[in-house]
Structure formats: structure tokens, C-alpha cells
Amino acid sequence: MFEQQTIMMLLEGVRDTVYMTLASTLLGYLLGLPMGVLLAVTDKDGIHPNRAVYRVFDVISNIVRSIPFLILLILLIPFTRFVVGKSYGSTATIVPLVITAAPYIARLVESSLKEVDKGVIEAAKSMGASNFDIIVHVLLLEARTSIITGATIALGTILGYSAMAGTVGGGGLGDIAVRYGYYRWQTDIMIITVILIIFLFQIFQNSGMKIAKVVDRRK
């Protein structure tokens with residue numbers, strides 16, 4: 001149905017999309033996980049309430065999440081160029097993806113940690129556990145299933161954002177869909193890229209849910 005060059009282009013698009021999505025999610029969690037922990041711990045009902053710290057991260061999270069991704073992508077072009085030397089392509093797209101994903105991930109982590117049974121936390125405190133021990137051995141451990149589920153949701157969201165980045169030369173399947181499906185009116189390529197994106201989403205979703213099910217101790 002397609003010539004060899006088109007097939008190779010689509011395969012490279014899949015590779016770039018997977019690369020952007022996984023790398024952005026991983027880096028997003030490196031920033032978002034500790035941010036989410038801080039939000040949960042310093043909240044008024046947390047194990048170490050601190051209104052000032054919570055307020056700072058709460059405002060940062062709300063501001064970044066309130067900016068549409070495409071607008072943020074454009075706003076960050078100078079910063080992206082400074083970090084990676086260019087503002088287009090799959091590697092450059094990771095920069096705005098991470099900045100967008102981190103606050104979103106932080107909220108997912110915060111929500112997961114707040115689901116932990118207060119009785120378990122109180123029991124750990126009564127046994128003399130420090131706040132650090134409670135975070136590592138109680139909060140994160142007890143919330144791991146919810147955190148993995150949240151990571152699955154984050155993967156799907158970041159995959160969608162990576163496709164949106166194609167409108168400004170972000171690389172991957174989104175870029176192919178825009179260049180060939182929109183500007184050149186090649187509907188067949190547009191349909192194939194959409195199918196591939198849906199296929200990748202299903203792989204991420206099913207894999208994440210299976211992992212969450214494996215580590216879930218509530219059986």
C-alpha cells in the first residue's frame with residue numbers, strides 16, 4: 001500500500017514518539033515525584049505541615065498546568081534552544097514535555113499518597129518512625145499501585161502532547177500527521193498515524209495496568 005520510503009518514515013515516527021513519551025515521562029517523574037511528595041507531606045493534613053512550602057509548589061503546579069501545552073511549547077522555544085541547541089525535533093520536544101508533565105505528575109502522586117490509610121501512618125509514628133521512614137516505607141510503599149496507575153495515565157497524556165507538538169515540528173507521528181495529512185492532504189497517511197498513536201496508547205495503557213495489578217497487594 002505504501003512505498004518503502006513511506007514505511008520507513010512511519011517506523012521512524014513510531015520510534016521518535018516512543019522515545020519522546022518514555023523519556024519525558026521518566027524525566028517528568030524525576031521532578032514530579034519529589035514535588036508530589038512535598039505537596040502531600042506539607043499539606044495541612046500531611047505528616048509535616050508547612051503552609052509556605054505547600055503554597056509555593058501549589059502555585060507553581062497550578063500555573064504550569066493552566067497553560068495550554070501548545071502555548072507553553074512556543075513560550076519555551078528560547079529555553080529549549082538553550083538546553084538542547086535547537087527548538088525542533090524529538091529531543092527538543094522533550095524539554096517542554098517534561099516541564100508540562102512534572103506538575104501534572106506531582107498532582108497524581110499527591111493524590112495517590114493522600115489515599116494511604118491514616119491508621120497505617122499513625123501506627124508507624126507510634127513505633128518511632130521518622131518522617132523520612134514514613135515517606136519511603138509507608139506512603140510510597142502503600143501507594144505504589146496507585147502511583148503506577150497514575151504513571152499509566154501520565155504516559156497516555158504525554159503521548160497526546162507529543163502528537164500535538166507535531167504542529168510546530170516536534171517530530172514523531174504527530175509531525176508526520178501534520179506535514180502529510182494536513183499540509184499535503186494525504187488522508188491515508190493521516191489515518192495510519194492516528195491508528196499507530198492509538199495502538200501505542202493501548203500498549204502503554206495495558207502494560208501499565210498489568211504492572212499495577214502485579215504489585216497490588218490488595219487481593
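This is a predicted model: local features need pLDDT of at least 70, side-chain atom pairs count only at pLDDT 80 or more; totals for chains, interfaces and linings use all residues.
Student: How is the packing of α1 and helix α2 to be read, and at what angle do they pack?

Tutor: Two packed helices are described by the angle between their axes and by the distance separating those axes. Here α1 packs with helix α2, residues 51–66, at an angle of about 135 degrees, and the axes lie 9 Å apart. That angle is why α1 counts as oblique to α2, and α1 passes α2 in a left-handed crossing.

Student: Which residues in α1 and α2 meet?

Tutor: From α1 come Met35, Leu38, Leu39 and Thr42, and these meet Arg51, Val53, Tyr54, Phe57, Asp58, Ile60 and Ser61 in α2. Sorted by class, the contact of α1 with α2 holds seven nonpolar, two polar and two charged residues.

Student: Turning to the second largest pocket, how much space lies in it, and which residues are closest to its centre?

Tutor: The second largest pocket contains about 210 Å³ of space. It is lined by 14 residues, of which Asp45, Gly46, Ile47, Lys118 and Ile121 are the closest to its centre.

Student: Which elements give two or more residues to that lining, and which one supplies the largest share?

Tutor: The elements giving two or more residues to the lining are α1 (4–42), α5 (90–114) and α6 (118–126), and the largest share, four residues, comes from α6.

Student: How do the lining residues of the second largest pocket divide by class?

Tutor: The lining of the second largest pocket divides into seven nonpolar residues, one polar residue and six charged residues.

Note on methods
Residues are numbered from 1 along each chain as its sequence is written. Side-chain values use heavy atoms; hydrogens and water are left out. On a 1 Å grid over the protein atoms alone, a cavity is a set of points where a 1.4 Å probe fits but cannot get out, and a pocket is an open set with protein on both sides within 12 Å along at least five of seven lines; lining residues have an atom within 4 Å of a point. Grid points are joined across faces, edges and corners, and a volume is the space filled by probe spheres set on the points. Ala, Val, Leu, Ile, Met, Phe, Trp, Tyr, Cys and Pro count as nonpolar, Asp, Glu, Lys and Arg as charged, and the others, Gly among them, as polar. Axes are lines fitted to C-alpha atoms, for helices over the stretch in contact, and angles run from 0 to 180 degrees between N-to-C directions. Angles under 35 degrees count as roughly parallel, over 145 as roughly antiparallel, 65 to 115 as roughly perpendicular and the rest as oblique. A crossing is left-handed if the near helix is turned anticlockwise from the far one by less than a right angle, and right-handed if clockwise. Contact means heavy atoms within 4.5 Å.
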